[in-house]
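Grab a pencil and let's work through a few exercises together. Try each task before you read its solution.

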Amino acid sequence: MSAAPRGLRALALAALFSLTGCASLGWSWDKWWSDVKLPDFPAFDEYTESPKSYVEIALEHDFLVRVKPWERAVLARHDMAFDPDELEAARRSHTFFSKEATMPGGSAGGGGCGCN
Amino acid sequence: MRRSRRERRRERATLRALTSSALALLGAAGKASADTAIDHVESSYSFSTYSEDNLKSSKTIPNGERTRYEVSTQQASIAGPITDWLDVALQVTHEKMSGASPWYVTQDAAGAPIQFMSGATIQDTRNDLSLHANYYTDQGRLGFSGGYSTENDYSAINFGSDGELHFNEKNTTLSGGLGGSFDSINPTQADLYPTRPDHKSKQSYSGFVGLSQVIDRRSIIQGSFTYNLGAGYLSDPYKEVYQVGAPSQYGDFRPNRRHQFSFLVRYNRHIEETESTIHLSYQYYIDTWGISSHMGELAVYQNFGDSFQIAPLIRYYSQTKADFYVDYLRAGQTPPDNMSSDFRLSPYGALSLGAKAEYVFHTPWLRDIEWRTHASVERYLSSGDLSLKSVSVPSPGLVNFTVLSVGITAVF
C-alpha cells in the first residue's frame with residue numbers, strides 16, 4: 001500500500017486535532033465567524049450595476065471591524081501598548097543597534113554611532 | 001461634590017478607552033498608544049547601567065586588556081498637550097561611556113583567533129535630544145520629529161515624519177514614515193593611527209510601512225516593513241585587521257552603501273483570567289552586506305492587583321556573517337577591498353533574559369499624581385553555539401552584558 005506523503009498525513013492529522021482539540025477547550029469556529037456576514041457574489045454596484053471588484057467588496061465589508069468603541073477597555077490598557085515604557089524601548093533599541101548588525105524595525109530616523 | 005483628581009483621571013481613562021484604538025504609534029509622542037492627543041502631562045526619568053563582562057583570558061593575548069565597556073545612561077522625557085489635537089514630547093539622554101574596546105583579532109600559538117583590545121581607556125559622553133510633535137484628526141495622525149546626538153568624536157542630526165490612517169472604525173491602522181540621519185565622524189587620535197581618517201560623514205535614509213489590526217477585544221497584531229539606506233563612511237575607524245607576517249594592520253573597510261530590510265510582526269494578547277498580557281514579536285532582517293538575522297521575543301506582563309506588575313522577558317537573536325568579515329588575514333593572503341574583524345559582523349546567536357518589576361501609587365496629598373516606578377535587569381549572552389547555523393570559528397570578541405535600570409514616571 002502506498003502511503004500518502006508523510007508531510008501531508010502530518011498536516012491532515014494536525015488539522016483534525018487542532019479542530020477537535022480547540023473544540024474541547026470551548027473553542028468553536030462557528031462562534032468565531034458568527035458575526036461575519038459574507039457578501040453575495042458577484043456583488044453589483046447599486047447605481048452602475050457593474051460587478052464590484054474584490055477590493056471594493058473588502059473595503060465595504062465589515063469583517064475587519066472586530067470590536068466596537070465600547071469594547072476597547074482591555075485594548076486601552078497600559079500593558080497592551082506595543083511599547084508600554086518609551087524610555088526603556090528607546091534604550092533597548094539603541095543597545096541592540098550598537099551591539100548587533102541588525103537595525104531595529106518599525107521606525108524611521110534615529111542616530112548615534114554605536115561604535116566601541 | 002468635588003471629585004478627586006483620581007476619579008477624574010479614571011473617567012478620562014474610560015473615555016480614552018472608548019475613543020482610543022490602543023494601537024502602538026511607531027514613535028508617537030510620549031505614549032505608546034492612543035489615537036488622540038495626550039490629555040495630561042507625563043514626565044519620566046530613568047537611570048541604567050550597562051556593563052560588559054570581562055573578556056575570557058583564553059580569548060585575548062596573555063596579560064592583555066580584558067575589561068570591556070561600561071555605560072551609564074540617564075534618560076528624561078516630558079510629554080503634554082498643546083491643544084486638543086496637538087501634542088509634543090521631548091526626550092533627552094545623557095550617557096557616560098568608559099572602558100576598552102575590541103581593536104583587532106590576532107592568533108594564538110595554536111592558530112586560534114584571539115581578541116586584541118584597545119589599550120587606552122576610552123572616556124566619552126553622548127548627549128541626545130529628540131523632539132516629536134503630533135497632529136491628530138479623526139482619521140489619523142501626522143507626526144514630525146527631529147533629533148540631535150553628539151559625542152566627542154561623533155555628531156548626528158536626524159529628521160523624520162510619520163503618520164497613521166485609521167479604517168474599519170479604527171480596527172485597522174495603516175502607518176508609515178520617512179526619516180533621514182546625517183552623521184559626522186571625527187575619530188580621536190587620527191594623527192597617531194594611520195588607519196584612522198580625520199573626518200568622515202555618513203547618511204542614512206529610512207522608510208517604513210506598517211499595518212495593525214485589532215483581532216478581538218483582547219488581542220491586536222501589527223506587521224511592519226522597514227527599509228534603510230546607509231551611505232558614506234560605514235566603517236569603524238577604531239577597528240583594524242591583522243595579517244600574519246605583515247608589518248602593520250590594515251584599516252576596517254566596509255562598502256560605502258548598505259541596503260537594509262526588516263520585517264517585524266508583533267502580537268499582544270491580554271488574558272483576563274490570569275491578569276496577564278503577552279507580548280510576542282518576531283523580526284526577520286536582511287541586508288546587502290550578506291547578513292540576515294532572526295529575532296524573537298516573548299514578554300509576559302503579570303499583574304498582581306492594580307498596583308504591582310512583574311514582567312519577565314526572553315529574547316533570542318541569531319545572525320549570519322557579513323560577506324567581508326574576517327577574523328584575521330593569513331600569511332601571504334591578498335588583502336580584499338572590503339574587510340572587517342568586528343564581532344558585530346560575525347556569525348553568532350544571542351539569548352537574553354530579563355525581568356522588570358513595576359509599582360504604581362498615588363499621592364493624594366500632592367496633586368494626586370500617579371507615579372509609576374520600576375526596576376529591571378537584563379542579561380545578554382552571545383556565542384557561536386547559540387547561532388541557528390553552526391559556526392565553526394566564532395569571533396573571540398563576542399560580548400556578554402548586564403543592564404540594570406530604575407525609573408519613575410509621573411502622570412499629572
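Two strands pair if DSSP finds at least two bridges between them, and helices (H or I, at least four residues) and strands (E, at least two) are DSSP runs numbered from the N terminus. What you see is a predicted model, where local features need pLDDT of at least 70, side-chain atom pairs count only at pLDDT 80 or more, and totals for chains, interfaces and linings use all residues. Residues are numbered from 1 along each chain as its sequence is written, while chains are lettered from A and ligands numbered from 1 in the order in which they are written.

**Exercise 1: pairing strands**

Find out how strand 15 of chain B pairs with strand 16 of chain B, and what the turn between them looks like.

Step 1. Count the bridges: eleven join strand 15 to strand 16 (residues 292–304) of chain B, and the two strands run antiparallel.
Step 2. Pick out a facing pair: Ser281(B) sits opposite Glu297(B) in strand 16 of chain B.
Step 3. Look at the turn: this hairpin has four residues between its strands, and Gly290(B) there has a positive phi of about 95 degrees.
Step 4. Now go to the other partner. Strand 14 (residues 257–271) of chain B pairs with strand 15 (residues 276–287) of chain B over twelve bridges, in the antiparallel sense.
Step 5. Here His270(B) faces Thr277(B) in strand 15 of chain B. In this hairpin, also with four residues between the strands, Glu275(B) takes a positive phi near 55 degrees.

**Exercise 2: one residue up close**

Is Thr49(B) buried or exposed, or partly exposed?

Step 1. Locate Thr49(B): its place is in strand 1 (residues 42–52) of chain B.
Step 2. Learn the rule: a residue is buried if 20 or more other C-beta atoms lie within 10 Å of its own, exposed if 12 or fewer, and partly exposed in between, with C-beta atoms placed from the backbone.
Step 3. Apply it: Thr49(B) has 14 C-beta neighbours inside 10 Å, so it counts as partly exposed.
Step 4. Check its contacts (C-beta atoms, placed from the backbone, within 7 Å). Leaving aside neighbours within four places in sequence, Thr49(B) touches Ser72(B) and Leu404(B).

**Exercise 3: the nonpolar core**

Which residues have the most contacts inside the largest nonpolar core?

Step 1. Define it: a nonpolar core is a set of buried Ala, Val, Leu, Ile, Met, Phe, Trp, Tyr and Cys residues joined through C-beta atoms within 7 Å.
Step 2. Read off the answer: the largest core has 20 residues, and those with the most contacts inside it are Tyr104(B), Val105(B), Val241(B), Ala322(B), Val326(B) and Tyr328(B).
Step 3. Ask which elements supply it: strand 4 (102–107) and strand 5 (113–117) of chain B give two or more residues to this core.
Step 4. Find the other one: a second, separate core of 14 residues includes Val71(B), Met295(B), Tyr348(B) and Phe401(B).

**Exercise 4: where the chains meet**

How many residues does each chain bring to the contact?

Step 1. Chain B brings 85 residues and chain A brings 42 residues.
Step 2. On the side of chain B that touches chain A, strand 10 (residues 200–216) of chain B gives the most, with eight residues.
Step 3. Finish with the elements: chain A has four helices and zero strands, whereas chain B has one helix and 20 strands.

Conventions. Two residues are in contact if their C-beta atoms, placed from the backbone, lie within 7 Å.
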